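Okay, everyone, let's get going. I've got one model to walk you through today, and I'll keep it short.

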Amino acid sequence: MTGCGRLPVVYAPEADERLSSWAARMAPFYAMTVSEFVAALGLKGHDVFDLEWRLSEGQGALIAARTGLSPEAMQAMTFRELGSAARLMIARKNRSPCPHCPEDLHRKAAALPWRFRCKVHGVEFRDATGETLSDRFGADCFKKLEGHAEAGAAHLDAWARGAGQETLAAPEVLTVLTARHRRASPPNVDEQPRMSLKDRRDYHDFLTTPILRQALTVVVPEYDQVAPVLAKPVRPGLHALAQGSLLQCFALTVGVGRIIEDPVKWAISVMLESDAEGHGRVRQAISPWPLSLRRSISARFWRAERDERARQTAEKAARQRQSHKYRLIQSHKYRYRIS
Ligand SMILES: [Zn+2]
């Protein structure tokens with residue numbers, strides 16, 4: 001099967017199918033590896049993932065002539081609509097499977113980490129264990145979160161396409177979400193499974209492992225509650241999405257949505273939850289945000305902190321009054337006993 005005639009059998013690309021998926025379906029038909037098939041298309045030595053990222057007009061025309069498919073159909077299988085910054089977001093295969101799609105079919109949308117439903121079937125993706133996000137969060141909670149995730153995904157899509165994001169670009173939001181707002185600490189009581197005393201001794205290492213504490217858990221407390229404690233931390237910045245699990249990517253996309261909807265409110269919530277060291281890191285993460293936003297954050301944070309101090313002082317005073325009363329009762333009892 002050499003030469004430059006037209007291939008006798010060519011599969012039509014499926015909806016939203018990527019070039020690497022189409023080539024991987026075609027190659028076995030001709031008993032070839034993918035790189036042999038790419039060579040048979042007249043592009044010897046080219047990597048199929050490079051081709052699906054950017055296919056030059058000449059390369060597109062070459063494949064079109066060999067397959068009988070239109071050059072537009074070839075280009076539609078590439079990621080040409082994405083800007084260069086987004087390349088690290090593209091997984092080599094579907095990130096999470098759709099239960100209705102054939103296993104060997106890889107669609108473009110399923111390569112991006114902020115998609116949680118199959119574009120064709122509309123059903124939820126499943127993680128490696130077959131679990132859906134509705135299973136994990138509960139259907140009602142997931143439905144509520146999905147609204148924020150849609151806002152987050154729209155923002156991430158616009159960034160990936162290279163649209164100018166003047167207020168808050170996606171990487172700037174992710175830097176804040178993945179900032180370590182508190183010192184790393186071992187699993188707290190809520191995060192530990194119920195254990196017998198013997199188990200506690202056996203799992204001493206688990207119970208004392210410091211877990212990174214990131215702003216994501218403040219902005220998306222629902223994630224904090226359902227994520228397995230050891231798999232809770234995400235990687236910093238854009239890598240959190242590029243390398244995250246289905247659950248982590250969903251939480252990050254919800255977080256992006258919430259911050260875009262109200263950046264000042266969420267920045268203050270994170271700062272109020274921060275410890276001294278983490279506070280500096282969060283401030284650092286916010287420093288590339290526009291000046292007008294940072295001014296609002298500073299002004300409102302100052303007020304929020306003052307209110308928090310006032311609340312704590314009032315609580316302390318109430319506690320003192322309480323313990324004073326208690327002491328009176330105690331001393332009374334004491335007098336009563338000895339008299
Ligand atoms: Zn599907």
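So, the secondary structure of the protein chain comes to 17 helices and 2 strands; helices here are DSSP runs of H or I with at least four residues, strands are runs of E with at least two, and both are numbered from the N terminus. The radius of gyration, taken over C-alpha atoms, is 27 Å, well over the 20 Å from the globule rule for 339 residues, so the chain is more spread out than a compact globule. That rule is 2.2 Å times the number of residues to the power 0.38. Along its principal axes, the C-alpha trace spans about 115 × 55 × 35 Å.

Some housekeeping. This is a predicted model: local features need pLDDT of at least 70, side-chain atom pairs count only at pLDDT 80 or more, and totals for chains, interfaces and linings use all residues. Residues are numbered from 1 along each chain as its sequence is written.

How confident is the predictor? On pLDDT, its per-residue confidence from 0 to 100, the chain has a mean of 92, and 94% of residues reach 70 or more. A contact means two C-beta atoms, placed from the backbone, within 7 Å. Where pLDDT is low, the predicted coordinates should not be read in detail.

Staying with contacts, take those with a separation of 6 or more: 67% of them join residues 24 or more positions apart.

Now the inside. Buried residues make up 31% of the 339; buried means 20 or more other C-beta atoms within 10 Å of a residue's own, again placed from the backbone. A nonpolar core is a set of buried Ala, Val, Leu, Ile, Met, Phe, Trp, Tyr and Cys residues joined through C-beta atoms within 7 Å. The largest one has 57 residues, and Val 176, Ala 215, Leu 216, Val 219, Phe 250 and Leu 252 touch the most other members. Helices giving it two or more residues include H7 (139-160), H14 (246-261) and H15 (263-273), and H14 brings the largest share, 10 residues.

What does Leu 216 contact, beyond four places in sequence? Leu 177, Thr 178, Tyr 223, Val 234, Ala 251, Leu 252 and Gly 255. Apart from this core there's another, of 13 residues, among them Leu 19 and Phe 37.

Last stop: Met 271, in helix H15. Met 271 counts as buried because 22 C-beta neighbours sit inside 10 Å. Beyond four places in sequence, Met 271 contacts His 279, Val 282 and Phe 301.

Conventions:
A residue is buried if 20 or more other C-beta atoms lie within 10 Å of its own, exposed if 12 or fewer, and partly exposed in between; C-beta atoms are placed from the backbone. pLDDT is the predictor's confidence in each residue, from 0 to 100.
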